[in-house]
Amino acid sequence: MTADWPILSAVIWLPILGGALVLASGDKAPNVSRWLALIFAVLTFLVSLPLYSGFDPTTAQMQFVEKAPWIPLFDVYYYLGIDGISMPLILLTTFISILVIIAGWEVIQYKPSQYMAAFLMMEGVMVGVFAALDAMLFYVFWEAMLIPMFIIIGVWGGPNRVYATIKFFLYTFLGSVFMLVALIYMYFHSGSMEILAFHDLKLNLTEQILIFVAFLLAFAVKVPMWPVHTWLPDAHVEAPTGGSVILAAIMLKIGGYGFLRFSLPITPDASSELDWMIIGMSLIAVVYIGFVALVQQDMKKLIAYSSIAHMGFVTLGFFIAFIIMARNDVDSGAILGLQGGMVQMVSHGFISAAMFLCVGVLYDRLHSRQIDDYGGVVNVMPWFAAFMVFFAMANAGLPGTSGFVGEFMVILASFRADFWFAFLAATTLIVGAAYTLWMVKRVVYGEVGSDKVAALEDINKREAFVLTSLAVAVLVLGIWPAPLIEVMDVSIENLVRHIAITKL
Amino acid sequence: MEAILLTIVLAPLAGALIAGLLRNQVGKVGAHSVTILGVGISCVLSLYVLYLHAFQGAPVYNESVYIWMVSDGLRMEIGFLVDRLTAMMMAVVTFVSLMVHIYTIGYMAHEDGYERFFSYIALFTFSMLMLVMANNFLQLFFGWEAVGLVSYLLIGFYFKRETAIFANMKAFLVNRVGDFGFILGIAAVAMYFGTLDYAEAFAAAPQFADATITIWGDTEWSLMTVVCILLFIGAMGKSAQVPLHVWLPDSMEGPTPISALIHAATMVTAGIFMVARMSPLYELSETALTFVLVIGATTAFFMGLIGIVQNDIKRVVAYSTLSQLGYMIAALGASAYAAGLFHLMTHAFFKALLFLAAGSVIIGMHHDQDIRNMGGIRKYMPITHWTALLGSLALIGFPGFSGFFSKDAIIEAVHHSQIAGATYAHVLLVAGVFVTALYSFRMYFLVFHGDGPRHFEPHHEAHDEHGGAEAQEHHHVEDEPTPHESPWVVTLPLILLAIPSVVIGFLTVGPMVFGDYFDGVLFVAAEHNTLGAIEYHGVLGFMLHGVMALPFWLAIGGLATAWYVYTQKPEIARNLARRLDWAHFVLDRKYGFDEFNQAVFAGGSKLLGKFLWLVGDRAVIDGLAVNGSAHSVGKLAAIMRFVQTGMLYHYAMAIIVGLLVLLGWFVLRG
């Protein structure tokens, strides 16, 4: 299906164009840059809405397709299109980007135009990653995405930002290099750079395993999966609030998306062969990281570790499909797991964004992220406390919030794979609640902790707007997740059918 | 019908939202008016629904409201199942809730967060209704966790108090341990029965009666046993059964009205309701029933014992609640579901009454909760005294009072049970009757009898140990030389609750326990029909039989002992405590559950977390792998300097802009 007008291109290039304009506007009139950035972010969001309203959920075919030759010498195309897997993630990106712009409004005083520009450009590039159907185009967006993030942490980051950026760079660079090699290998094999062509490419098991491992290095770092997760807490701690929000809400999802778009369909046999490893890493992420989160003293670190644990559910949901399909006595559950992983990605986009914004609200006032520096915040910031407790409960997977939906689906599905998978995954009910509520207890409740806390002011309208938007999203998705499932249903079903067929 | 049911559920929710979100606009009067209106509507309609089901033979209502999602062929819905069990629960929940709402106007009159409190209890009513009206496991879990959330918020209502915010976190986490089992049970139901709908799951269950699963090695487990025990672990958390009972005594940190509503009458009985609802599943596993029976009986007796040594008026009632919940659970284990539910209902009335009466005493005592300081209060607070006496008599099972019928039915049923553990349970439940009477009337005599308060602060400064807003907010009250009776908004609910506490058992034991009220709702296998084995020839015959049986004399013995020890010879108690100091020590420490959990689970988790973080993440992954390679790539130092000078920033910005322009140009050209 080809769109009447290139919506996807518009969603990619509009924010990038906006970013360039904001950059050009300079820092002499910061309000002009801010409003310009906001207008472009809102415009991009509005332009992205037809992707939902015009989406046909009855087909797994790529929609809103655009295709034009880019580097004909290497058969590289400017080839865009979305299905039920990428569409929700694109909308998540355009939605969160508005909130990030608003959240950085008065907070960023140092070079505000460049800050806003970096976020706008990153928005376009991230949408590009989700929409690209040409492997080379994907790779370009994939790498380009890192640069604004690198800058955001490097320029507006905390005191230890150098270490964090180096670590971030090292990890992600190592991962992507192998992915590039795998892509080039497949190009020589198939004579095409189209991702969909890779899906149908015949590969023997050795090739598949090598390609799978190459992808794994790239995607596992992004998700991030244990044991390649240690860059994330450092990056989060040093990043400004907006950077953390984008990192947690969108960038981590690109790793999960990579598994669905590349690893599973291109190397189904290798995925099946190595499923135990991914499941093991996912369960370690859920349990091990949960305990690590428990002892964090820095709020951002705690939420960062909590992100890793929650993303463990995503990869768990994706890979139990192979175990379920291999069992003769279980006739369904694979789709449930994959959809659960997808829902968890979207939900985590909202909740982690909200949690980081909550910490940002506190940090803007007290310039500390240490739990010990707070206490009794509810006494002086009642509305903020209400939001914080709400999002904490969502983070702990309370039914009625989006945090429950994905976890519930993945636990239900993993029970079909193995009792112990479900058992270990379900420990998050206890551990997840423990680290989240313990933080809430120490930060929000209690007597006013210090004179500094006593002087705190409750959230202003701007902050209330941002948090309310996310709260509504978290609630709607928790109370009625059916619309999200419906748009991805056919695409996921198609994916499951595809990976059930061996390529050997 | 759907409109009525939706109104029942949504009216309290609307009240909660208005009182909570518009608290600055509606003010105190607005907040309590709107929530009482909501819950009042809900209560009237619930009584109407009960009337339809109990007297008009209304058909079972089982309809979906909306589809939550369909994934992989598994339909997950929000819907209502209303039969006689649901109707009874709805009536109890909304009635007690309404009483508590009214009572709260008096109890919380001078507190900070008045609007917030009303918002929470109305929200609780909504959640509890969603729980009992669910027609599927998903919504059950929704309600299950939602009541847990409100309980968390209310236990921590005095959020400045360290003990309160510790207690609420503890309550939530211990409940989550239960929910951990519960969600696995739900996963098992979904996997094997292929549905989350009650009716469909119950219909499918008999085919799996002999199914087995392997969990560990090659040992085959009965599927139904695994499912039922997993679900029951959830009930153990919510209904505070050993060893997951530890949160309930601490929950007394919350204001007294919610102790009555949530931690006595309704939420904590959710586990009993759930197991009774699942009777078609539990009847398929005798092992699970034995497990339920033993846990219930153990809780009933051993938690009652702790009640004897407590000195905080609310904690005495709290341990009594634990013990009574144990009785209900034991009834379920003996397949006497009707008796368990009947006790649930009678207990809801008399225990709410006792808590609210305790709250009234606490108001009179200016927030002193230590029963050793009280005494002679019957002179100053006659209504509170008489209603509390009626509640206590109901609790100990005095013939004619509601508790008598329900407790006797349970003990008789367990007596007739043939499953493993039945003898153990029977002995403990019978002995528990003496214990119940002893702690109940120990409290009654210490509080209401004697010459007058042993220690009374006419003004409030001395009550700082009870801390926070509660005490400080009462400063405007003038000095009073003695306690005095509470206002009518407090005493009216006491009277309205005292009436059913006395008569409800007499009126309904016939149809509910021995009649056909629960026909078609509860399922009992023929070989487990313990209630059917009891000879029942009308209410009077049942009473006559009860008076001649051992439990009655144990109750009288307990009452008499309490009277003698606490009004005639107080030194006996002191001597006994000295002589049996080891027993007193064990009970005072509540068998050491708290210390064990704190040291092993809380402490152990923190140690494990520290180890994984510092050794796993820091030393091994970062120390060896990441930083090791960073050092070897010494050239990166150059990049570092770029970042610091800001040069890299310009450079990278140039790259990205250039790259994008290039890409864009290709697109436009193409």
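Analyst: Start with a definition: two residues are in contact if their C-beta atoms, placed from the backbone, lie within 7 Å. Keep in mind that this model is predicted.

User: Where in chain B is Gly185(B) found?

Analyst: Look at helix α6 of chain B, residues 162-193; Gly185(B) is found there.

User: Does Gly185(B) count as buried or exposed?

Analyst: Count C-beta neighbours. A residue is buried if 20 or more other C-beta atoms lie within 10 Å of its own. Gly185(B) has 26 inside 10 Å, so Gly185(B) counts as buried.

User: How many residues apart in sequence are Gly185(B) and Gly604(B), and how far apart in space?

Analyst: They are 419 residues apart in sequence. In space they are 27 Å apart, C-alpha to C-alpha. Now take another pair. Thr58(A) and Val490(A) are 432 residues apart in sequence, and their C-alpha atoms are 6.2 Å apart.

User: Where is Thr58(A) found, and is Thr58(A) buried or exposed?

Analyst: Thr58(A) is found in the loop between α2 (30-53) and β1 of chain A. Thr58(A) counts as exposed because it has 9 C-beta neighbours inside 10 Å.

User: Next, helices. What span should helix α5 of chain B have?

Analyst: First the general idea. An α-helix has 3.6 residues a turn, so residues three or four places apart point the same way. Now the case. Helix α5 of chain B covers residues 137-155, which is 19 residues. At 1.5 Å a residue, the helix should span 27 Å. Its end C-alpha atoms are 27 Å apart, so the two values agree.

User: How many residues of α5(B) are buried?

Analyst: The count is 19 of the 19, so α5(B) is largely enclosed by the rest of the structure.

User: How do I read a strand?

Analyst: In a regular strand the side chains alternate between the two faces of the sheet. Val76(A), Tyr78(A), Leu80(A) and Ile82(A) point one way from β2(A). Tyr77(A), Tyr79(A) and Gly81(A) point the other way.

User: In which sense do β1 and β2(A) pair?

Analyst: Strand β1 of chain A, residues 63-71, pairs with β2(A) in the antiparallel sense, over six bridges. Gln63(A) stands opposite Ile82(A) in β2(A). The hairpin has four residues between the strands, and there Asp75(A) takes a positive phi near 55°.

User: Which other residues have positive phi?

Analyst: Here are two residues other than glycine. Phi of Lys111(A) is near 45°. Lys111(A) lies in the loop between α3 (86-103) and α4 (112-131) of chain A. With 18 other C-beta atoms within 10 Å, Lys111(A) is partly exposed. Phi of Ala240(B) is near 55°. Ala240(B) lies in the loop between α8 and α9 of chain B. Ala240(B) counts as buried, with 30 C-beta neighbours inside 10 Å.

User: What about cis peptide bonds?

Analyst: Check omega. A cis peptide bond joins Trp226(A) and Pro227(A), with omega about 5°. Pro227(A) lies in the loop between α8 (205-222) and α9 (231-238) of chain A. In chain B, the bond from Val242(B) to Pro243(B) is cis, with omega near 0°. Pro243(B) is found in the loop between α8 (223-238) and α9 (247-250) of chain B.

User: How many residues of chain B are in contact with chain A?

Analyst: 64 residues of chain B are in contact with 64 residues of chain A. On the side of chain B that touches chain A, the largest share, 15 residues, comes from α6(B). By class, that side has 44 nonpolar, ten polar and ten charged residues.

User: Which residues have the most contacts inside the largest nonpolar core?

Analyst: They are Ala330(B) and Ala352(B), in a core of 479 residues. The largest share of this core, 21 residues, comes from α6(B). Leaving aside neighbours within four places in sequence, Ala352(B) is in contact with residues including Val96(B), Met99(B) and Leu497(B).

User: And chain B as a whole?

Analyst: Chain B has 29 helices and four strands. Of its 670 residues, 57% count as buried. Among its contacts between residues at least 6 apart in sequence, 80% join residues at least 24 apart.

Key. Residues numbered from 1 in each chain as written. Chains lettered and ligands numbered in written order. Predicted model: local features only at pLDDT ≥ 70, side-chain atom pairs only at ≥ 80, totals over all residues. Buried ≥ 20, exposed ≤ 12 C-beta atoms within 10 Å, placed from the backbone. Expected span 1.5 Å × (residues − 1). Pairing = 2+ DSSP bridges. Nonpolar A, V, L, I, M, F, W, Y, C, P; charged D, E, K, R; others polar. Core = buried A, V, L, I, M, F, W, Y, C linked by C-beta atoms within 7 Å.
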